[in-house]
Amino acid sequence: MPGIRSRITPPSTTGGPAVGPWKSARRTAGLVAFAWASAAGTTGLAYLTLGAEVIPIAVGVLLCLAFAVMLLLLHRAVWLTVLSAVPALFVLVGSVQYAPEAALEQRGVRESVVIVADTAAGTSSNNHRFTLRGTDGKELEEKLGFDGDAWAPKVGDRLDVMRDPEGAVPMEQADDVDAAGRLGGLVGGTVTWTLMAVLAGWRGHVRRRRGRDSLMYQLV
């Protein structure tokens, strides 16, 4: 009617209901806590299962996948989840390999050996198992494993190896034992996970406020 001002509320420009910042912050903090707990838990499990790497590897893979799924749910976008695979690899390798290499550094025996036989010699296999002879002229009972042809040692090569006198940890070439490097990769991967979780929490909060909280995840 003339003279009566319309009281109709204009449509919202946010595209969706407001999302509480504290709820988003709690979700983000929970994902960060899960990231650090996963890294620490897999590392601890590797210590408890020395010599059985398949166990911490399996658990670590599941935890990395769980982190990726939670990152996706928090962020509501795919690209950051895909990028998280890179630090996940550092976390997995570092957490699984730090324990055995630390054990070798702490109690391992360094020995100079010569390769006298290779199980892959004359075959198409890339799984080498080297028979070694020590400085006393006796062959070692334990064989040195090496997977792949690139940089693989040859019969007749002299190497320095680290052996576990308790036999719980497989023998490794001495130059490859680097517990500090594994720990650095583990911490670096976990810190990167933390930064990604914070970014996912912030962007996810913004996306929800704009009404983009749908199951049709965006690429950007």
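**Helices, a sheet and a cavity**

Visitor: Which residues of H1 are buried?
Guide: This is a predicted model, and a residue is called buried here if its relative accessible area is under 20%. By that cut-off, the buried residues of H1 are Ser-24, Thr-28, Leu-31, Val-32, Ala-35, Ser-38, Ala-39, Thr-42, Thr-43 and Ala-46.

Visitor: How far apart are the end C-alpha atoms of helix H1?
Guide: Helix H1 covers residues 21-48, and at 1.5 Å a residue its 28 residues should span 40 Å. The distance in the model agrees with that expectation, so the end C-alpha atoms of H1 are apart by 40 Å.

Visitor: What span does helix H2 reach from its first C-alpha to its last?
Guide: Helix H2 runs over residues 54-75 and has 22 residues, for which 32 Å is expected at 1.5 Å a residue. The value in the model is close to this, since from first C-alpha to last H2 reaches 31 Å.

Visitor: How many degrees of arc do the buried residues of H2 cover around the axis?
Guide: The buried residues of H2 are Pro-56, Gly-60, Cys-64, Phe-67, Ala-68, Leu-71, Leu-72, Leu-74 and His-75. They lie on the same side of H2, because the arc they cover around the axis is only 165 degrees.

Visitor: Which exposed residues does the face of H2 turned away from its buried side carry?
Guide: A residue counts as exposed when its relative accessible area is over 50%. On the face of H2 turned away from the buried side, the residues that are exposed are Val-54, Leu-62 and Leu-65.

Visitor: Which residue just after H2 takes a positive phi?
Guide: Helix H2 covers residues 54-75. Just after H2, a positive phi of about 60 degrees is taken by Arg-76.

Visitor: Which strands are the edge strands of the sheet?
Guide: Five strands form an open sheet with antiparallel pairing, in the order S3-S2-S1-S4-S5. An edge strand pairs on one side only, and this holds for strand S3 (144-147) and strand S5 (172-173).

Visitor: What is the bridge partner of Ile-115 in S2?
Guide: Strand S1 (residues 109-118) and strand S2 (residues 127-133) run antiparallel and are joined by four bridges. In S2, the partner of Ile-115 is Leu-132.

Visitor: How many charged residues does the lining of the largest cavity have?
Guide: The search of the whole structure finds one cavity of 30 Å³ or more, and the volume of the largest cavity is about 30 Å³. Its lining consists of Ser-38, Ala-39, Thr-42, Gly-60, Leu-63, Cys-64, Val-91, Leu-92, Ser-95 and Trp-193, with at least two residues supplied by each of H1, H2 and helix H4 (85-107). By class, the lining has six nonpolar and four polar residues, while the number of charged residues is none.

Key
Residues are numbered from 1 along each chain as its sequence is written. This is a predicted model: local features need pLDDT of at least 70, side-chain atom pairs count only at pLDDT 80 or more; totals for chains, interfaces and linings use all residues. Side-chain values use heavy atoms; hydrogens and water are left out. Two strands pair if DSSP finds at least two bridges between them. The expected span of a helix is 1.5 Å times one less than its number of residues. Buried means under 20% relative accessible area, exposed over 50%, partly exposed in between (1.4 Å probe, protein chains only). The arc is that of the directions from the helix axis to the C-beta atoms. On a 1 Å grid over the protein atoms alone, a cavity is a set of points where a 1.4 Å probe fits but cannot get out, and a pocket is an open set with protein on both sides within 12 Å along at least five of seven lines; lining residues have an atom within 4 Å of a point. Grid points are joined across faces, edges and corners, and a volume is the space filled by probe spheres set on the points. Ala, Val, Leu, Ile, Met, Phe, Trp, Tyr, Cys and Pro count as nonpolar, Asp, Glu, Lys and Arg as charged, and the others, Gly among them, as polar.
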